[in-house]
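Hello,

Here is the structure I promised to hand over. Please open it first, then read my notes below.

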Amino acid sequence: MINKVFSAEQLDNKDPLALKVEAFSLPDDTIYLDGNSLGPLPKSAEARASEVVKQQWGQDLITSWNKHQWISLPQLVGDKIGNLVGAKNGQVICCDSISINLFKVLSAALKMRPGRKVIATTRGNFPTDIYMVQGLLELLGDEYSVRYIDESNIGAQLSDDIAVLMLTQVNFRTGLKLDMQSITALAHDKNILTLWDLAHSAGAFPVCLDDCDVDFAVGCTYKYLNGGPGAPAFIYVAERHQAQYKQPLSGWMGHSAPFSFSPDYAPDSTVKQNLCGTPGVIGMSILDAALDVFDGVSLKAIDEKSKKLQAFFIAEAKRAGVLDYFSLVSPPIDVRGSQLALAHDEAYAICQAWIAEGVIADFRAPNILRIGFAPLYLSFTNVEKAVQTLSDIMVEKRYENATFQQRQSVT
Ligand SMILES: *Cc1c(COP(=O)(O)O)cnc(C)c1O
């Protein structure tokens, strides 16, 4: 038996982020360990949803493009996100989805390294990242190819035929966190451009795009940034590359003067060139308001609390014997994002049984129970209760119940 050093209550009492939970509209009796998949609803976002629909759209109609700055939202929200990922203004734009944004950046990056025909990435990357490379390669023809590298010892696998190295900073399954600074530097030694996917980084811990000398990045906003289901994603293009950057989805919103209605495309010379069609104003407005929950909070404080929550989860799980049932497949804390992965053959049914008890986590094929730690609204008491519930499920084998075995379309 491991004795508790501090009780959950004591840890909550000295938690500087404890009051932030009040900024969210969370259902009662639910412990949410899935903010890494879909962040919960900030109250500020709820209020803005009503305001943008009823007032801005309903009353002010088309005048809102100017009156409520709808036209500038992609840049305004982009700069707000930039502030959370270590990018100074003018380098981040909010638009589209990660998938679409990868297509744009990869195409532009290949053009910037004309002699090179290889995109390098990892086989364990999130599938859409790999699929977008595969689709792009089909369009480009046989000259171009993808090279799959391992997540470990990346430097040794880099060669000067690679145009762009596309990596996700935190592995969506295991939580392994790559060293952005050193890998970017190793890539630059070979004149390789870097493209980082921040899906599980933005809003979870400090990211320093400018300081790490990153070339390009993409990320989504519905995970740790709590922007809402299908909220628009973002693109970072380092200022030094913007003059040469040319992406192929040449829609009118990325034109240097969209309202000149010229028949010839002339790209905007800034990160704004990444805009393609009309932005989804309602979703982006909600995201804009959702980001306000980060006001006055440092990413460092969020990261510190996440590490404490994770350590507390592991200690409690050991104490309750839960870890005897699972293998913990996440790497150590210093190379891990804000999540834990527990492997078990019955992980899907276990997750369903946990959800039935009001603890929401998720399952990632083939056998991972994935637990996300979002410190803005998760307490140590929540973690203690979640572990106790999981322990009951395992001891009583409640996951064997047929209703928990049935797979739903979204897992
Ligand atoms: C969640 C996630 C995505 C999602 O891509 P969308 O096109 O925004 O749906 C992409 N990449 C990674 C690494 C993710 O975790």
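**What I found**

The side chains of K104 and N101 are joined by a polar contact of 2.9 Å. (A polar contact is a pair of N or O atoms within 3.5 Å; within protein, one must be able to donate a hydrogen and the other to accept it, and residues adjacent in sequence count only if both atoms are side-chain atoms.)

Before going on, note that this is a predicted model: local features need pLDDT of at least 70, side-chain atom pairs count only at pLDDT 80 or more, and totals for chains, interfaces and linings use all residues. Residues are numbered from 1 along each chain as its sequence is written, and side-chain values use heavy atoms, with hydrogens and water left out.

**K104**

K104 sits in helix 5, residues 98-112. (Helices, H or I and at least four residues, and strands, E and at least two, are DSSP runs numbered from the N terminus.) K104 is buried, at a relative accessible area of 0%. (Buried means under 20% relative accessible area, exposed over 50%, partly exposed in between, with a 1.4 Å probe and protein chains only.) Leaving out residues up to four places away in sequence, K104 touches C95, D96, I235, Y245, Q247, P248, L249 and N274. (Contact means heavy atoms within 4.5 Å.)

**The ligand**

Which residues are around the ligand? They are S97, I98, S99, F126, T128, D129, T168, D197, A199, H200, Y222 and K223. (A residue is near a molecule or strand if one of its heavy atoms lies within 4 Å of it.) By class, this shell has 4 nonpolar, 5 polar and 3 charged residues. (Ala, Val, Leu, Ile, Met, Phe, Trp, Tyr, Cys and Pro count as nonpolar; Asp, Glu, Lys and Arg as charged; the others, Gly among them, as polar.)

A polar backbone atom of I98 is 3.2 Å from an oxygen atom of the ligand. For Y222, a polar side-chain atom lies 3.3 Å from a ligand oxygen. For K223, a polar side-chain atom lies 2.6 Å from a ligand oxygen. The ligand taken alone exposes 390 Å², and the protein buries 87% of that. (Accessible areas come from the Shrake-Rupley method with a 1.4 Å probe; for residues, only the protein chains shown count as cover.) Helix 5 and helix 6 (127-140) are the elements that give two or more residues to the shell.

**Salt bridges**

How many salt bridges does the structure hold? There are 19. (A salt bridge is a side-chain nitrogen of Lys or Arg within 4 Å of a carboxyl oxygen of Asp or Glu.)

K305 pairs with D15 in one of them, with the closest N and O atoms 2.6 Å apart. K305 lies in helix 9 (residues 299-319) and D15 in the loop between helix 1 (8-13) and strand 1 (24-25), so the pair ties together parts that are 290 residues apart in sequence. K305 is buried at 6% relative accessible area. D15 is buried too, at 10%.

K117 and E143 also meet in a salt bridge, 3.2 Å from N to O. K117 is partly exposed at 22% relative accessibility, whereas E143 is exposed at 54%.

D362 and R364 form another, at 3.7 Å from N to O. D362 counts as buried at 4% relative accessibility, and R364 counts as buried at 18%.

Lastly, a network of salt bridges links R48, K80, D288 and D292.

Best wishes
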